[in-house]
Amino acid sequence: MITFKNVKKIYQTQDQSIAALDGVDLEIKKGEIFGVIGFSGAGKSSLLRCVNLLERPTSGSVTVDGQELTSLSAKQLREAKQQIGMIFQHFNLLDSNTVFANVAKPLVLTGVKKAEIHRRVHELLAFVDLADKADHYPDQLSGGQKQRVGIARALATQPSVLLCDEATSALDPQTTQHILRLLKQINEEYGITILLITHEMGVIREICDRVAVIEAGKLIESGTVFDVFSNPQTATAKNFVRSVMQDEIPASVQQLIERREANHHIYKINFLGAHTGQPLLSQVAKRFDIDLNILHGSITELQNIPFGSLLVELIGETAEISRALQYIDEAQVTVEEVLADAG
Amino acid sequence: MLVNYTDIWTAFLQTLTMVGLSLLFSTLIGLPLGILLVVTRKGALLEQVPFFNVLSSIVNIFRSVPFIILLVAIIPLTRLIVGSSIGTQAAIVPLVFYAAPYIARLIESSLLEVDTGVLEAAKAMGATPLQTIFRFLLPEALSSLVLNLTIATIGLIGASAMAGAIGGGGLGDLAITYGYQRFDTTVMLITVGILVILVQGLQTMGNLLARKIRRH
């Protein structure tokens, strides 16, 4: 649906050139929600803006829905843009226009008939649950309402792609949830491909199918949300995952680790997917002559798959513990010993 | 001393004529210039940096000539356009030359205030340059444009008083000839009073209109 081939975007300043995008290859499938996460200045904004050529790549090609945008004429490009909706962090609504006129704007630009505009705008406003706000002005709306107007406007021309530029970053957590749910609904009901950029891993966890991590203009890691969350490869990805997965070791447990006696060993057991459903720990306790003490843990769901980790203290003979560990390993969960200096 | 109200009325109408017509013509010239100054600058919608630089310099040159000198300097041109170099009509030509570049700058600053995010949205929607100007830029700047045109109008009232120097007539001329040169304090006070009310009224109207546009 969206293909980036070796896309570079270089900004030339007086004495140096800065690569906002440094050879990006990306393939986004039809109907998926794809998230790009990165710190500010990593290039995610340039990446998003290269999809509808708000920024023109310095080199490389961008293809959307089979059309290579980088090779289109100005007029063809304007037409292609009607297939690409976009919503913004700060909504970018016209303050001088009513909600109705804002949503109608893309249709007015393409010369759609008045009656048709009327029908379509009211349908869209009903969809985003703002039917009663048609005659209001943006400054009379809350942030979440403004974003819903933005979404209705972006959908007006029935695009096949929706670009979301930090769409929830200016919103409070509860409103963020509402907007994300609405985006998911758009994706499911209309089959619209969504590309979003964010610096919040929570957004990725909430609605994305696949994710890419961008750093210094390069995609350093990508995969399904489950893969990246459960097994992040790069330090940056690990940081992002840690920001939403509570795997910090609490201070009291930390103290315990530091004080631990010779026959106490603390392990972190990572549960992935279906394994979470297995009664692994109780089996270990029954089969081996050791005691198990669960110190800390959290299990969450990613794309409907359970995922999490437990911090477990194994107490017993060293030989018995290593046999138990071998058993745990065979259950295909990853297990690692937690040492005092690692925390 | 007797106050001749007919003279004052005539002068009032002359002022309205001078200010009204020169405002009309200078806005007709200044608005497109102001738009061009915004859309041709670096990084803008229709970036044309050399064109922008030339236009900007021309505007600056006209803005740097003092009005009283402009008034005299363009007399030949005035004669060419209205067939005479004195009178109310003749005063309109230098007033337009004075106000058009001023209005261009005011309009430029109004348009530059428009949120760049809105323009980015226009670009994302695939708006043509003309659509961007008329459906995004101008409506978003309207309230600020009204305020700035109010400033320009009041500036024109001040300048039109000086136009008395080439026999343009008007309230300012009346105040100078009767009040200042003939020591007729009453006429001077009345004309100044009318000017004060006129300026106050215009500014209040401008503010109200701008607020109405902003608050809908």
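How many salt bridges does the structure hold over all chains? The count is 13. This is a predicted model, with an ipTM of 0.86 and a pTM of 0.85. Two contacts are described below: one between chain B and chain A, the other between domain 1 and domain 2 of chain A.

**Chain B**

- Chain B has nine helices and zero strands.
- Read along the sequence, the pattern of chain B is α-α-α-α-α-α-α-α-α.
- The C-alpha trace of chain B spans about 70 × 40 × 25 Å along its principal axes.
- The average pLDDT of chain B is 91, and 98% of the residues score at least 70.

**Interface of chain B and chain A**

- The size of an interface is often given as the accessible area lost when the parts come together.
- For chain B and chain A, the buried area is about 1,900 Å². Carbon and sulfur atoms give 56% of that area.
- Chain B puts 19 residues into the contact, and chain A puts in 23 residues.
- One salt bridge is found across the interface of chain B and chain A.
- R49(A) and E120(B) meet through their side chains in a salt bridge, at 2.6 Å from N to O.
- Eight residue pairs are in polar contact across the interface of chain B and chain A, both residues of each pair being at pLDDT 80 or more.
- On the side of chain B that touches chain A, the elements giving two or more residues are α6 (116-125) and α7 (129-162) of chain B.
- Helix α6(B) supplies the largest share of that side, seven residues.
- By class, the side of chain B that touches chain A has eight nonpolar, five polar and six charged residues.

**Domains of chain A**

- Eight residues from domain 1 of chain A and eight residues from domain 2 of chain A make the contact.
- Between domain 1 and domain 2 of chain A, about 640 Å² is buried. Carbon and sulfur atoms give 72% of this area.
- Which residues in domain 1 of chain A lose the most area to domain 2 of chain A? They are R205(A), F226(A) and S230(A), together 72% of what that side buries.
- The interface of domain 1 and domain 2 of chain A has zero salt bridges.
- Helix α8 (residues 225-230) of chain A gives four residues, the largest share of the side of domain 1 that touches domain 2.
- That side of domain 1 of chain A divides into four nonpolar, two polar and two charged residues.

**A salt bridge in chain A**

- D22(A) and K218(A) meet through their side chains in a salt bridge, at 3.0 Å from N to O.
- This pair links distant parts of the chain, 196 residues apart.
- D22(A) sits in strand β2 (residues 17-28) of chain A, and K218(A) sits in strand β10 (residues 218-224) of chain A.

Technical notes
Residues are numbered from 1 along each chain as its sequence is written. Chains are lettered from A and ligands numbered from 1 in the order in which they are written. Side-chain values use heavy atoms; hydrogens and water are left out. Contact means heavy atoms within 4.5 Å. Buried area is the accessible area (1.4 Å probe) that two parts lose on being put together, summed over both. A salt bridge is a side-chain nitrogen of Lys or Arg within 4 Å of a carboxyl oxygen of Asp or Glu. Ala, Val, Leu, Ile, Met, Phe, Trp, Tyr, Cys and Pro count as nonpolar, Asp, Glu, Lys and Arg as charged, and the others, Gly among them, as polar. pLDDT is the predictor's confidence in each residue, from 0 to 100. A polar contact is a pair of N or O atoms within 3.5 Å; within protein, one must be able to donate a hydrogen and the other to accept it, and residues adjacent in sequence count only if both atoms are side-chain atoms.
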